[in-house]
Amino acid sequence: MTDAGTNELVIEKLRSHGCRITNQRRILIDIILEHDCASCKEIYYLASKKDPSIGIATVYRMMRTLEEYGIITRKSMYQVEI
C-alpha cells in the first residue's frame with residue numbers, strides 16, 4: 001500500500017515543475033512507491049496490468065523526469081528520495 005503523504009509529495013513536486021498529473025502518471029507513482037522495481041521493464045509490466053494503454057516509452061519518460069527533478073535515484077533499484 002502506498003503512503004498517501006509520500007504520494008502527494010511526489011505529485012506536488014511534479015506540479016511545481018509544470019507537469020500535468022495524468023492517470024498514467026499516478027499509476028506509475030503508485031507502482032514505484034508500492035514495489036521495489038529494479039528496472040523500467042518491471043515498472044512497465046506492473047503498470048500495463050493496471051492500464052494496458054501505458055507504453056514502455058511512457059515509463060522511460062516518466063522515470064527520466066522523476067530523476068531530473070530529484071524525486072528518485074537509480075542505484076540498484078528506483079527509490080523515492082523525498
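Student: By class, which residues make up the lining of the largest cavity: nonpolar, polar or charged?

Tutor: The lining has seven nonpolar residues, no polar ones and no charged ones. Here Ala, Val, Leu, Ile, Met, Phe, Trp, Tyr, Cys and Pro count as nonpolar, Asp, Glu, Lys and Arg as charged, and the others, Gly among them, as polar. This is a predicted model, where local features need pLDDT of at least 70, side-chain atom pairs count only at pLDDT 80 or more, and totals for chains, interfaces and linings use all residues. Residues are numbered from 1 along each chain as its sequence is written, and side-chain values use heavy atoms, with hydrogens and water left out.

Student: Which residues line the largest cavity?

Tutor: V10, I29, I32, L66, I71, I72 and V80 line the largest cavity. A lining residue has an atom within 4 Å of a cavity point; a cavity is a set of points on a 1 Å grid over the protein atoms alone where a 1.4 Å probe fits but cannot get out.

Student: And how much space lies in the largest cavity?

Tutor: About 30 Å³. The volume is the space filled by probe spheres set on the points, with grid points joined across faces, edges and corners. Searching the whole structure gives one cavity of 30 Å³ or more.

Student: New topic. How many salt bridges does a search of the whole structure find?

Tutor: Two. A salt bridge is a side-chain nitrogen of Lys or Arg within 4 Å of a carboxyl oxygen of Asp or Glu. Side chains of opposite charge can pair when their charged atoms come close.

Student: What does E12 form a salt bridge with?

Tutor: With R15; their closest N and O atoms are 3.2 Å apart. Both residues lie in helix 1 (residues 4-16), three residues apart, which is about one turn of the helix. Helices are DSSP runs (H or I, at least four residues), strands are too (E, at least two), and both are numbered from the N terminus.

Student: How large is the relative accessible area of E12?

Tutor: It is 42%, so E12 is partly exposed. Partly exposed sits between buried (under 20% relative accessible area) and exposed (over 50%), using a 1.4 Å probe and protein chains only. R15 is partly exposed too, at 40%.

Student: Which side chain meets K50 in a salt bridge?

Tutor: That of E34, at 3.8 Å, N to O. K50 lies in helix 3 (residues 40-50) and E34 in helix 2, so the pair ties together parts that are 16 residues apart in sequence. K50 is partly exposed at 47%, and E34 is partly exposed at 34%.

Student: Now Q24. Where is Q24 found?

Tutor: In helix 2 (residues 23-34). Q24 has 22% relative accessibility, so it counts as partly exposed.

Student: What is Q24 in contact with, leaving aside neighbours within four places in sequence?

Tutor: D51, S53, I54 and T58. Contact means heavy atoms within 4.5 Å. The side chains of Q24 and S53 are also joined by a polar contact of 3.1 Å. That term covers a pair of N or O atoms within 3.5 Å; within protein, one must be able to donate a hydrogen and the other to accept it, and residues adjacent in sequence count only if both atoms are side-chain atoms.

Student: Last one, T65. Buried or exposed?

Tutor: T65 counts as buried because its relative accessibility is 18%. T65 is in helix 4 (residues 56-68). Not counting residues up to four places away in sequence, T65 touches L14 and C19.

How values were computed
1 Å grid on protein atoms, 1.4 Å probe; cavity = no way out; pocket = protein on both sides within 12 Å on 5 of 7 lines; lining within 4 Å.
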